[in-house]
Amino acid sequence: MESIFKAALRGKAWKKADPYSLLYFMEKLEALRGAAFIIHFTYSKRAEAIVKEPQHGNTGMLQKQHFIGCQSPCTEWHYFPRSLTAGQYYNPYKAIEKFVACMTEPEWKNAISTITEYALRNDSINNEDYPCNVLTLRRRLLQLIEGCHLPDIRTNLPNHPNVKHKQKKIKK
(Lines give C-alpha, C1' and ligand atoms only; values in the text may rest on other atoms or scores of the structure.)
Protein backbone atom coordinates (compact mmCIF):
# COMPACT_ATOMS: atom_id res chain seq x y z
CA MET A 1 0.00 0.00 0.00
CA GLU A 2 2.80 2.39 0.91
CA SER A 3 4.67 1.90 -2.36
CA ILE A 4 1.47 2.38 -4.35
CA PHE A 5 0.76 5.72 -2.67
CA LYS A 6 4.37 6.82 -3.10
CA ALA A 7 4.18 6.11 -6.82
CA ALA A 8 0.83 7.90 -7.16
CA LEU A 9 2.08 10.96 -5.26
CA ARG A 10 5.54 11.25 -6.84
CA GLY A 11 4.31 11.13 -10.38
CA LYS A 12 6.56 8.21 -11.28
CA ALA A 13 5.14 4.90 -12.41
CA TRP A 14 5.21 2.08 -9.84
CA LYS A 15 8.27 -0.14 -10.39
CA LYS A 16 8.34 -2.27 -7.24
CA ALA A 17 7.16 -5.34 -9.18
CA ASP A 18 5.20 -6.21 -12.32
CA PRO A 19 2.22 -3.92 -12.95
CA TYR A 20 0.02 -7.00 -12.64
CA SER A 21 1.00 -7.26 -8.95
CA LEU A 22 -0.31 -3.76 -8.33
CA LEU A 23 -3.50 -4.47 -10.27
CA TYR A 24 -4.04 -7.72 -8.37
CA PHE A 25 -3.51 -6.01 -5.00
CA MET A 26 -5.89 -3.18 -5.89
CA GLU A 27 -8.48 -5.69 -7.11
CA LYS A 28 -8.32 -7.39 -3.70
CA LEU A 29 -8.48 -3.99 -1.99
CA GLU A 30 -11.61 -3.22 -4.01
CA ALA A 31 -13.15 -6.49 -2.82
CA LEU A 32 -12.24 -5.58 0.76
CA ARG A 33 -13.89 -2.19 0.27
CA GLY A 34 -17.09 -3.93 -0.82
CA ALA A 35 -16.93 -6.28 2.15
CA ALA A 36 -16.50 -3.34 4.54
CA PHE A 37 -19.69 -1.73 3.30
CA ILE A 38 -21.56 -5.04 3.57
CA ILE A 39 -20.29 -5.60 7.12
CA HIS A 40 -21.24 -2.07 8.10
CA PHE A 41 -24.71 -1.93 6.59
CA THR A 42 -25.78 -5.47 7.50
CA TYR A 43 -24.44 -5.14 11.05
CA SER A 44 -22.41 -8.34 10.56
CA LYS A 45 -20.25 -8.03 13.61
CA ARG A 46 -18.87 -11.03 15.45
CA ALA A 47 -18.57 -10.62 19.20
CA GLU A 48 -15.45 -12.82 19.37
CA ALA A 49 -13.61 -10.35 17.09
CA ILE A 50 -13.87 -7.67 19.77
CA VAL A 51 -11.28 -7.87 22.55
CA LYS A 52 -12.21 -6.56 25.95
CA GLU A 53 -10.14 -3.50 26.84
CA PRO A 54 -7.87 -4.21 29.81
CA GLN A 55 -8.28 -2.27 33.05
CA HIS A 56 -5.77 -0.49 35.29
CA GLY A 57 -3.55 1.02 32.59
CA ASN A 58 -2.47 -2.25 30.94
CA THR A 59 -2.74 -2.08 27.19
CA GLY A 60 -2.91 -5.82 26.48
CA MET A 61 -1.95 -5.06 22.88
CA LEU A 62 1.07 -7.32 22.80
CA GLN A 63 -0.88 -10.55 23.09
CA LYS A 64 0.02 -11.99 19.74
CA GLN A 65 -3.03 -14.26 19.51
CA HIS A 66 -5.09 -11.09 18.95
CA PHE A 67 -3.29 -10.08 15.75
CA ILE A 68 -1.20 -12.97 14.37
CA GLY A 69 -2.07 -16.41 13.09
CA CYS A 70 -0.88 -19.61 14.73
CA GLN A 71 1.12 -20.89 11.77
CA SER A 72 2.69 -17.63 10.69
CA PRO A 73 6.30 -17.76 9.43
CA CYS A 74 6.97 -14.12 10.43
CA THR A 75 7.43 -12.45 13.78
CA GLU A 76 4.98 -10.28 15.70
CA TRP A 77 6.75 -7.21 14.34
CA HIS A 78 5.51 -7.94 10.81
CA TYR A 79 1.86 -8.33 11.83
CA PHE A 80 1.32 -5.77 14.56
CA PRO A 81 -1.29 -3.25 13.36
CA ARG A 82 0.38 0.15 13.12
CA SER A 83 -2.43 2.23 11.63
CA LEU A 84 -5.18 1.47 14.12
CA THR A 85 -5.97 3.47 17.23
CA ALA A 86 -6.18 1.56 20.53
CA GLY A 87 -9.99 1.62 20.31
CA GLN A 88 -9.85 0.23 16.77
CA TYR A 89 -7.41 -2.47 17.85
CA TYR A 90 -9.79 -3.74 20.53
CA ASN A 91 -12.86 -3.28 18.32
CA PRO A 92 -11.76 -3.46 14.64
CA TYR A 93 -15.30 -2.66 13.50
CA LYS A 94 -14.59 0.94 14.53
CA ALA A 95 -11.99 1.12 11.74
CA ILE A 96 -14.58 -0.15 9.26
CA GLU A 97 -17.10 2.42 10.52
CA LYS A 98 -14.56 5.22 10.08
CA PHE A 99 -13.75 3.99 6.57
CA VAL A 100 -17.43 3.96 5.58
CA ALA A 101 -18.01 7.40 7.14
CA CYS A 102 -15.13 8.98 5.18
CA MET A 103 -16.75 8.62 1.75
CA THR A 104 -19.64 6.89 0.02
CA GLU A 105 -19.19 3.54 -1.68
CA PRO A 106 -19.06 5.03 -5.23
CA GLU A 107 -16.56 7.66 -4.03
CA TRP A 108 -14.31 4.95 -2.56
CA LYS A 109 -14.60 2.90 -5.74
CA ASN A 110 -13.56 5.93 -7.76
CA ALA A 111 -10.72 6.78 -5.34
CA ILE A 112 -9.25 3.26 -5.49
CA SER A 113 -9.48 3.29 -9.28
CA THR A 114 -7.81 6.71 -9.45
CA ILE A 115 -5.01 5.69 -7.05
CA THR A 116 -4.38 2.63 -9.23
CA GLU A 117 -4.31 4.72 -12.38
CA TYR A 118 -1.89 7.32 -10.98
CA ALA A 119 0.40 4.66 -9.51
CA LEU A 120 0.84 3.21 -12.99
CA ARG A 121 1.49 6.46 -14.84
CA ASN A 122 3.97 9.30 -14.71
CA ASP A 123 1.65 11.89 -13.21
CA SER A 124 0.85 12.91 -9.63
CA ILE A 125 -2.47 12.28 -7.91
CA ASN A 126 -2.11 15.65 -6.15
CA ASN A 127 -4.02 17.21 -9.05
CA GLU A 128 -7.19 15.25 -8.17
CA ASP A 129 -9.96 16.67 -5.99
CA TYR A 130 -11.39 14.35 -3.30
CA PRO A 131 -13.81 14.90 -0.43
CA CYS A 132 -10.87 14.15 1.90
CA ASN A 133 -7.13 14.60 1.30
CA VAL A 134 -4.72 11.93 0.08
CA LEU A 135 -3.18 11.38 3.52
CA THR A 136 -6.63 10.67 4.94
CA LEU A 137 -7.31 8.26 2.06
CA ARG A 138 -4.05 6.45 2.80
CA ARG A 139 -4.79 6.23 6.53
CA ARG A 140 -8.36 4.98 6.03
CA LEU A 141 -7.22 2.33 3.55
CA LEU A 142 -4.46 1.10 5.88
CA GLN A 143 -6.95 1.02 8.77
CA LEU A 144 -9.38 -0.90 6.56
CA ILE A 145 -6.77 -3.55 5.76
CA GLU A 146 -5.73 -3.96 9.40
CA GLY A 147 -9.31 -3.61 10.68
CA CYS A 148 -10.46 -6.46 8.43
CA HIS A 149 -7.45 -8.62 9.25
CA LEU A 150 -8.15 -8.68 13.00
CA PRO A 151 -11.69 -10.16 12.88
CA ASP A 152 -10.39 -12.81 10.49
CA ILE A 153 -7.59 -13.76 12.88
CA ARG A 154 -9.79 -13.61 15.97
CA THR A 155 -12.72 -15.62 14.59
CA ASN A 156 -11.43 -18.06 11.98
CA LEU A 157 -8.34 -19.69 13.42
CA PRO A 158 -8.43 -23.02 15.26
CA ASN A 159 -7.02 -23.15 18.80
CA HIS A 160 -7.58 -19.45 19.26
CA PRO A 161 -8.77 -18.34 22.73
CA ASN A 162 -11.61 -16.22 21.29
CA VAL A 163 -13.02 -19.02 19.11
CA LYS A 164 -15.13 -21.71 20.70
CA HIS A 165 -15.09 -24.95 18.76
CA LYS A 166 -17.43 -27.86 19.25
CA GLN A 167 -15.66 -31.01 20.33
CA LYS A 168 -16.62 -34.17 18.51
CA LYS A 169 -17.66 -37.06 20.67
CA ILE A 170 -16.11 -40.36 19.78
CA LYS A 171 -18.57 -43.23 19.66
CA LYS A 172 -17.41 -46.40 21.29
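How many residues does helix 2 have, and how far does helix 2 reach from its first C-alpha to its last? Helix 2 has 23 residues and reaches 33 Å, close to the 33 Å expected at 1.5 Å a residue. The expected span is 1.5 Å times one less than the number of residues.

This is a predicted model, in which local features need pLDDT of at least 70 and side-chain atom pairs count only at pLDDT 80 or more, while totals for chains, interfaces and linings use all residues. Residues are numbered from 1 along each chain as its sequence is written, and side-chain values use heavy atoms, with hydrogens and water left out.

**Figure 1. Overall fold of the protein chain.** The protein chain has seven helices and zero strands, in the order α-α-α-α-α-α-α along the sequence. Helices (H or I, at least four residues) and strands (E, at least two) are DSSP runs, numbered from the N terminus. Of the 172 residues, 38% count as buried; buried means under 20% relative accessible area, exposed over 50%, and partly exposed in between (1.4 Å probe, protein chains only). Among contacts with a separation of 6 or more, 74% join residues 24 or more positions apart, a contact being heavy atoms within 4.5 Å.

**Figure 2. Helix 2 and its packing partners.** The buried residues of helix 2 include L22, M26, L29, E30, R33, G34, A36 and F37. An α-helix has 3.6 residues a turn, so residues three or four places apart point the same way. Helix 1, helix 5, helix 6 and helix 7 are the elements against which the buried residues of helix 2 pack.

Figure 3. Y43 is found in the loop between helix 2 and helix 3 (76-79). Its phi is positive, about 55 degrees, although Y43 is not a glycine. Most residues other than glycine have a negative phi. Y43 counts as exposed because its relative accessibility is 68%.

**Figure 4. The largest nonpolar core, around F99.** A nonpolar core is a set of buried Ala, Val, Leu, Ile, Met, Phe, Trp, Tyr and Cys residues joined through side-chain atoms within 4.5 Å. The largest one holds 31 residues, of which F99, W108 and L141 touch the most other members. Two or more residues of this core come from each of helix 1 (2-10), helix 2 (19-41), helix 5 (93-102), helix 6 (105-119) and helix 7. Leaving aside neighbours within four places in sequence, F99 is in contact with R33, A36, F37, W108, R140, L141 and L144. A second, separate core has six residues, including L84, Y89, Y90 and A95.

**Figure 5. T116 in helix 6.** T116 is found in helix 6 and is buried, with a relative accessible area of 11%. Not counting residues up to four places away in sequence, T116 touches L22, L23 and M26.

**Figure 6. Helix 7 and its start.** The 23 residues of helix 7 (residues 134-156) should span 33 Å at 1.5 Å a residue, and its end C-alpha atoms are 33 Å apart, which agrees. At the start of helix 7, a side-chain oxygen of N133 lies within 3.2 Å of the backbone nitrogen of L135.

Figure 7. S83 is in the loop between helix 3 and helix 4 (86-90), and at 12% relative accessibility S83 counts as buried. Apart from neighbours within four places in sequence, S83 is in contact with Q88, R139, L142, Q143 and E146. G147, in helix 7, is buried with a relative accessible area of 0%. G147 and S83 are 64 residues apart in sequence and 9.1 Å apart in space, C-alpha to C-alpha. Residues up to four places away in sequence not counted, G147 touches L84, P92, A95 and I96.

**Figure 8. K94 in helix 5.** K94 is in helix 5 and counts as partly exposed, at 39% relative accessibility. Not counting residues up to four places away in sequence, K94 touches G87 and Q88.

Notes:
Polar contact = N/O pair within 3.5 Å; in protein donor to acceptor, adjacent residues only side chain to side chain.
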